[in-house]
Amino acid sequence: MEANPLDTTASADAPVALRAAGYRVTPQRLVVHRTLVELGRHVGAEELLGEVERRLPNVSLPTVYSALDALEDAGLVRRVSAGQGRALYDARPADHHHLVCRRCGAVEDLDARVSLSGALASARENGFAPDGAEVVVRGLCASCRAG
Ligand SMILES: [Zn+2]
Ligand SMILES: [Zn+2]
């Protein structure tokens, strides 16, 4: 059975969060969010577009980027710097860290207790207003090591 692309039960909080951040609730924003939640992994905007197009026709890359910007601003989506200028999007907005494989580019969540308060304090001392910080651990993933 094909899911109704406009059925937002999987992301019931998204309209509330969008409105709270001052954004209009549009089908594009909801479908982009829902697709990211359902994919359950870290994806780039172009890959996400391919998935979104199956649910909502006539969606363009700029639309996906602008939806992601709104979702990120509303605290629903997190942008992960995966190295080499690659930005991936994550439907898990709560603070967490990442493992990035330098060979295959795989990005995995890393749950580790890390105190970044020192880095944030230094940032403030430099007159910077930090939004947050996260750790990216680079190296080789388990399957690349085995291969
Ligand atoms: Zn790898
Ligand atoms: Zn993540």
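Visitor: How many residues does helix α4 have, and what distance does it reach from its first C-alpha to its last?

Guide: A word on the source comes first. This is a predicted model, in which local features need pLDDT of at least 70 and side-chain atom pairs count only at pLDDT 80 or more, while totals for chains, interfaces and linings use all residues. Residues are numbered from 1 along each chain as its sequence is written, and chains are lettered from A and ligands numbered from 1 in the order in which they are written. Helices (H or I, at least four residues) and strands (E, at least two) are DSSP runs, numbered from the N terminus. The expected span of a helix is 1.5 Å times one less than its number of residues. Helix α4, residues 61–73, has 13 residues and reaches 18 Å, close to the 18 Å expected at 1.5 Å a residue.

Visitor: Which residues of α4 are buried?

Guide: A residue is buried if 20 or more other C-beta atoms lie within 10 Å of its own, exposed if 12 or fewer, and partly exposed in between, with C-beta atoms placed from the backbone. In α4 the buried residues are Val 64, Ala 67, Leu 68, Ala 70 and Leu 71.

Visitor: Why do the buried residues of α4 line one face of the helix?

Guide: An α-helix has 3.6 residues a turn, so residues three or four places apart point the same way. Viewed down the axis of α4, the buried residues fall within an arc of 165° (the arc of the directions from the helix axis to the C-beta atoms), so they line one face.

Visitor: What do the buried residues of α4 pack against?

Guide: Contact between two residues requires their C-beta atoms, placed from the backbone, to lie within 7 Å. The partners of α4 are α1 (14–20), α2 (27–39), α3 (45–55) and β2 (87–90).

Visitor: Which residues have the most contacts inside the largest nonpolar core?

Guide: A nonpolar core is a set of buried Ala, Val, Leu, Ile, Met, Phe, Trp, Tyr and Cys residues joined through C-beta atoms within 7 Å. The largest has 23 residues, and Val 32, Leu 68, Leu 71 and Val 77 have the most contacts inside it. At least two residues of this core come from each of α1, α2, α3, α4 and β2, and α4 gives the largest share, 5 residues. Leaving out residues up to four places away in sequence, Val 77 touches His 33, Leu 36, Leu 68, Leu 71, Glu 72, Tyr 89, Asp 90, Ala 91 and Pro 93.

Visitor: What is the pattern of secondary structure along the protein chain?

Guide: The order is α-α-α-α-β-β-β-β-α-β-α, from 6 helices and 5 strands. Of the 147 residues, 22% count as buried. Among contacts with a separation of 6 or more, 49% join residues 24 or more positions apart.

Visitor: Which domains does the assignment give, and how many residues are in contact between them?

Guide: Domain bounds come from an automatic or database domain assignment, which here gives domain 1 (1–94) and domain 2 (95–147). Their centres, taken over C-alpha atoms, are separated by 22 Å. Across the boundary, 8 residues of domain 1 are in contact with 9 residues of domain 2.

Visitor: Which residues is Val 137 in contact with?

Guide: Val 137 lies in strand β5, residues 136–139. Apart from neighbours within four places in sequence, its contacts are His 97, Leu 99 and Leu 110. Val 137 and Leu 110 are 27 residues apart in sequence and 8.6 Å apart in space, C-alpha to C-alpha.
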